[in-house]
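Look at the model below and follow the helices along the chain.

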Amino acid sequence: MKRNKPKYKKIIDAAVIVIAENGYHQAQVSKIAKQAGVADGTIYLYFKNKEDILISLFQEKMGSFIEKISEEIAGMESAKEKLLLLIEKHFKLLSDDHHLAIVTQLELRQSNKEIRVKINDVLKGYLKVLDHIILAGIDRGEFRKNLDIRLARQMIFGTIDETVTSWVMNDQKYDLVTLAYPLHHLVVSGCGSTEIS
């Protein structure tokens with residue numbers, strides 16, 4: 001499978017850098033090839049076109065994150081702790097890779113409808129993890145019984161996503177990971193077991 005080949009990974013990592021530094025529309029395949037240290041033609045052995053590189057990049061990076069986080073939270077009891085870990089790991093992933101943060105928060109948003117549809121397919125995996133955490137929280141009495149799961153999922157994902165976007169737009173000047181705990185507190189308060197009159 002091509003995903004496990006070293007050149008595939010090199011091209012993906014090179015694409016993250018080139019797209020972040022040049023913008024998606026100015027990121028020529030030749031620049032990605034040069035950054036990866038491969039011939040231009042080699043790119044086409046692994047990817048159909050630049051669009052395919054962008055989609056594959058997101059599938060690879062976000063898919064890997066979803067797999068890892070699912071494994072890590074599987075053995076945990078508390079839904080609140082699972083949620084904190086998810087937020088911390090999400091922030092750490094993007095804090096550790098500033099180029100990836102620019103690509104996920106800015107460049108993927110400017111893409112065409114076809115790319116957005118494929119990106120949303122990948123995000124479904126992330127949202128399923130959130131649903132699992134929310135349902136566990138309701139079952140354990142950590143979250144309200146009458147909590148609207150869909151609305152809670154949108155609130156949690158939207159808050160995480162907007163916090164990262166704001167950090168990127170502010171030139172990543174502050175420590176993103178330190179925002180995990182206060183964000184978690186806000187979200188848990190919103191989902192909490194006390195009824196709102």
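Buried here means under 20% relative accessible area, exposed means over 50%, and partly exposed lies in between, with a 1.4 Å probe and protein chains only. The model is a predicted one, in which local features need pLDDT of at least 70 and side-chain atom pairs count only at pLDDT 80 or more, while totals for chains, interfaces and linings use all residues. Residues are numbered from 1 along each chain as its sequence is written, and side-chain values use heavy atoms, with hydrogens and water left out.

Helices (H or I, at least four residues) are DSSP runs, numbered from the N terminus. A salt bridge is a side-chain nitrogen of Lys or Arg within 4 Å of a carboxyl oxygen of Asp or Glu. The structure holds ten salt bridges. Among them is the one between the side chains of Lys-9 and Glu-60, at 2.8 Å from N to O. Lys-9 belongs to helix α1 (residues 6-22) and Glu-60 to helix α4 (residues 50-74), so this pair links distant parts of the chain, 51 residues apart. Lys-9 is partly exposed at 36% relative accessibility, whereas Glu-60, with a relative accessible area of 10%, is buried.

Lys-89 is partly exposed, with a relative accessible area of 33%, and Glu-72 is partly exposed with 37%.

A further salt bridge joins the side chains of Arg-153 and Asp-131, at 2.8 Å from N to O. Because Arg-153 lies in helix α8 and Asp-131 in helix α7 (residues 113-139), the pair ties together parts that are 22 residues apart in sequence. Arg-153 is buried, with a relative accessible area of 19%; Asp-131 counts as buried at 19% relative accessibility. Elsewhere, salt bridges link Glu-77, Arg-140 and Glu-142 in a network.

Two packed helices are described by the angle between their axes and the distance between the axes. Axes are lines fitted to C-alpha atoms, for helices over the stretch in contact, and angles run from 0 to 180 degrees between N-to-C directions. For helix α5 (residues 79-96) and helix α8 (residues 149-169), the axes come within 11 Å and cross at roughly 25 degrees. Angles under 35 degrees count as roughly parallel, and α5 and α8 are therefore roughly parallel to each other. Contact means heavy atoms within 4.5 Å. On the α5 side the contact is made by Leu-83, Leu-86, Ile-87, His-90, Phe-91, Leu-94 and Ser-95, and on the α8 side by Ile-156, Ile-160, Thr-163, Val-164 and Trp-167. These residues divide into nine nonpolar, three polar and no charged, where Ala, Val, Leu, Ile, Met, Phe, Trp, Tyr, Cys and Pro count as nonpolar, Asp, Glu, Lys and Arg as charged, and the others, Gly among them, as polar.

Which residues of helix α6 (residues 98-107) are buried? They are Leu-100, Ala-101, Val-103, Thr-104, Gln-105 and Glu-107. What covers the buried residues of α6 includes α1, α4, α5 and α8. In helix α4 lies Ser-56, which counts as buried at 5% relative accessibility. Leaving aside neighbours within four places in sequence, Ser-56 is in contact with Tyr-8, Ile-12 and Phe-47.

Definitions and conventions
Helices (H or I, at least four residues) and strands (E, at least two) are DSSP runs, numbered from the N terminus. Angles under 35 degrees count as roughly parallel, over 145 as roughly antiparallel, 65 to 115 as roughly perpendicular and the rest as oblique.
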